[in-house]
Amino acid sequence: MEAASLVFIINIIGAGLRTGTPLLFATTGELLTERSGVLNLGVEGMMLVGALAGFAVSYNTGNPWVGVLAGMLAGGVLSQLHAFVTVTLRGDQVVSGLALTFVGRGLTAVLGAPYVQIRDIPTLPTISLPFLESIPIIGPLILFPLFGNQNVVVWLGFLLTPFVAFYIARTRSGLNLRAVGEYPAAVDAVGMSVAKLRYFYIFIGGVLAGLAGAALSLAITPLWIEDMTAGQGWIAVGLVIFAQWNPWRAALGAYIFGALRRLPLDLQSVPWLPFASNPILGVWLSMIPYLFTIVALMLTSNARSRKRMGTPAALGIPYVRGERGL
Amino acid sequence: MTQSKTNETLALDMRGIVKEFPGVLANDDVDFTLCQGEIHALLGENGAGKSTLMNVLSGLYRPEAGEIYLYGEKVELHSPRDAIDAGIGMVHQHFMLVPTLSVAENVVLGDPSVSYIINYEELDKQIGDIAEQFGLDIDPKAKIWQLSVGEQQRVEILKMLYQGAKILILDEPTAVLTPQEVTELFKTLREMTASGRSVIFISHKLDEVLEISDRVTVLRRGKVSAEVVSAETTKAGLAKTMVGREVIFRIEKKQSEPGGVVLEIDKVNALNDRGLPALRNLSLSIRSGEVVGIAGVAGNGQTELAAVINGMREVESGRILLNGVDITNKPATISIDAGMAYIPADRTGVGSAPSLSVEDNVIMKAYRKPPLSHGWSLDLKEIARYATDLVKRFNVKTPSIKTQSRLLSGGNLQKMILARELSREPVAITAVYPSRGLDAGATEDVHERLIEERDRGAAIFLVSEDLDELLSLSDRIAVIYEGQIVGEVPPDDDRIEEIGLLMAGTAVASSSPAAG
């Protein structure tokens, strides 16, 4: 019983690392965009565009890596629509982001129709590490089930978080990023372009959302169906808030929510839990990520909790030179 | 003065600068020079074009015409970066510092010579050394939000010096400082000039300008109205060139002829925003034709008292009567209809709706009744006529009555509020900090209007932090301390010390209540 429950838990964590990886990419991307002072609610749309572009290009070229690049580029290109509306035209960020999601969903529904039936495409490879099993005790019990057979995108995710954390905290570019999201007038006053910085980080957010989509359609669930992201873009937006704009916490949140997505299925296979006999309970579990997203968005709309949570002060506010700083 | 000599001695030479905004010629052929090692003050009323001229110099605005020479060489300043590279550093009125970043991070922000991967130990040490070298006492590791306003200003100056500024521009640097911090700042500025740097000091405070500067250039309505050597001029002379006429520092008024009691505040208790007692059994009555000034250290209940009188804060107990009408805890419309005028401290939050037009703002208390409206429909022609008339009568400088009021300068905004409030011939007026942040000309205008209202027979309740203003306008001065009136003093220069002691809550409350 003891060993069985350990295996059960390890399996859930392993699945969390896997299903949480697209969330990690999307959340990290949105985090970088928001740190520059721009809210982009179009993550869902950019993920879908990335997923379809990745799938289609991989199918047509036979090379999944070209597919990944195409997915990233597609997300990045779509994000520039948001950049143009919010930075150049100083439009409302919420409205523009929502529009982006609609564009992404509509576009992929139409363009993706021919790909719905296709199952056999070149996917991203899994990295096998059989030596992990030979490590005594923890090898076969923990390390191998967690890391022994993970897809290459999962490893990419492991590398991304420390890199982004270091970038924000210790580099000159990271300093500029923190400044432009808090007080863009200070950035303007020392002769840097607020618009260029924001365009760039909106682009990076789009590229990472596109990568999230491609990871989904080329590695985690290798197929294309309409709306295959199923609201993960929205969860990513909520996770940024949960993470309080910190990349380490974003990674933690992404993996937890990855596990939560799998949990209802896993719990149904445990005979002594009520989930096995009553599948409706599992539906309630599936709601958690979405409920959480709503609560997180409510928290950011409150001025007092914004301040306490470390929300970038200029988040959501277009920059106009000479208008009281922000 | 010969051309060659000019080129040798001048750090900065701005010639014929023209800058136009929609509807306003902010700089009209302005010449400005700055010698090396000089502190040159730029003086002018709000909206005279001082900030515009300096924004041209710091690369934020592109002028329509004019040339800029630095150390004899012609320069084109297209962006803030150009200005920084040319050795021009501007300390803005609103600091350009990121609150969540450290002092060192703010100082090096935007500097490409810092190593890409930042070594924070080295950086903090380097910035600490530079601060010490310039005699600025700052901890490089401290976050900006932890610092006082004076310390933040030092960070701004340090940032400019780090960027290699040879010409420092300070935009109204003393507006936010305590007197001690001002002394400290002046010391720093003198050290700067001693080391060969030059300083442009923007201000509208005459005393300060005379104390710190070598020369003064006065701007009026976008043009240079005078350029003088500070040691050879006087406060009155400067004020005259600034406003364009003689300025009276102490208003001349006749003896008041108070009539019956108009406003009666009877044992009022009220709470402040945090739910603590702000007014304790406060009683005060004001008669028609007199100005009663309230003196007190900020936070002793004066703003709450003003709010209570105008129906903008609930009273816990007690009564407020206006001409015998009970207005206690009644909606503001009741006291407005009973003839109350309110000139609030917060001009953009309470006194006006910033994104509405001047026209909409001036009719706000009159549009419910004929002739401005009939039933539910507004008479737009009549409203435009009414607003145009008020703008003219109260001398509000605005491009048009359709202009958004947030685009007005501080003085003109206050004039607009006065136009709305005083044109209705109120029986009682509450004025809270009516001249705060205004220049000499606008202040004088506000004071004259209030005295006119007094002579017409209005009862005026004046709250101010400025003792000079209180002494000049009031017929009686009541001192408030911890929500109570602790004494009443006649407005006599000899009694200032007494007022000060009452304000501090240390005087015996037996000071003679002035009769009449």
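**View 1. Helices α2(A) and α4(A) cross in a left-handed way.** This is a predicted model, and here we're looking at two helices of chain A, α2 (residues 43–61) and α4 (residues 93–111), whose axes sit 7 Å apart. The packing angle comes out at about 25 degrees. Since angles under 35 degrees count as roughly parallel, that's why α2(A) gets called roughly parallel to α4(A). On the α2(A) side, the contact is made by A:Glu44, A:Gly45, A:Met46, A:Leu48, A:Val49 and A:Leu52. Facing them from α4(A) is a set of residues including A:Leu100, A:Phe102, A:Val103, A:Leu107 and A:Leu111. Sort this contact by class and you get 9 nonpolar, 4 polar and 2 charged residues.

**View 2. Helix α2(A) also packs against α10(A), with a right-handed crossing.** The partner this time is α10 (residues 232–242) of chain A, again with axes 7 Å apart, but the angle is about 135 degrees. That angle makes the pair oblique. From α2(A), the contact uses A:Val43, A:Glu44 and A:Met47. α10(A) brings A:Gln232, A:Gly233, A:Trp234, A:Ala236 and A:Val237. By class that's 5 nonpolar, 2 polar and 1 charged residues. Keep an eye on A:Glu44: it's listed in the contact with α10(A) and in the one with α4(A).

**View 3. Strand β9(B) pairs with β3(B) and with β10(B).** Over in chain B, β3 (residues 39–44) and β9 (residues 215–220) run parallel, joined by 5 bridges. For a landmark, find B:Ala41, which stands opposite B:Val216 of β9(B). β10 (residues 223–229) of chain B goes antiparallel to β9(B), with 6 bridges between the two. There, B:Arg220 has B:Lys223 of β10(B) as its bridge partner.

**View 4. Chain B meets chain A.** Chain B puts 20 residues into this contact and chain A puts in 19. On the chain B side, helix α3 (residues 80–85) gives the most, with 3 residues.

**View 5. Chain B is divided into three domains.** Domain 1 covers 3–243, domain 2 takes in 251–339 + 454–516, and domain 3 spans 345–425. Going by C-alpha atoms, the centres of domain 2 and domain 3 of chain B are 27 Å apart.

Definitions and conventions: Residues are numbered from 1 along each chain as its sequence is written. Chains are lettered from A and ligands numbered from 1 in the order in which they are written. This is a predicted model: local features need pLDDT of at least 70, side-chain atom pairs count only at pLDDT 80 or more; totals for chains, interfaces and linings use all residues. Two strands pair if DSSP finds at least two bridges between them. Helices (H or I, at least four residues) and strands (E, at least two) are DSSP runs, numbered from the N terminus. Domain bounds come from an automatic or database domain assignment. Axes are lines fitted to C-alpha atoms, for helices over the stretch in contact, and angles run from 0 to 180 degrees between N-to-C directions. Angles under 35 degrees count as roughly parallel, over 145 as roughly antiparallel, 65 to 115 as roughly perpendicular and the rest as oblique. A crossing is left-handed if the near helix is turned anticlockwise from the far one by less than a right angle, and right-handed if clockwise. Two residues are in contact if their C-beta atoms, placed from the backbone, lie within 7 Å. Ala, Val, Leu, Ile, Met, Phe, Trp, Tyr, Cys and Pro count as nonpolar, Asp, Glu, Lys and Arg as charged, and the others, Gly among them, as polar.
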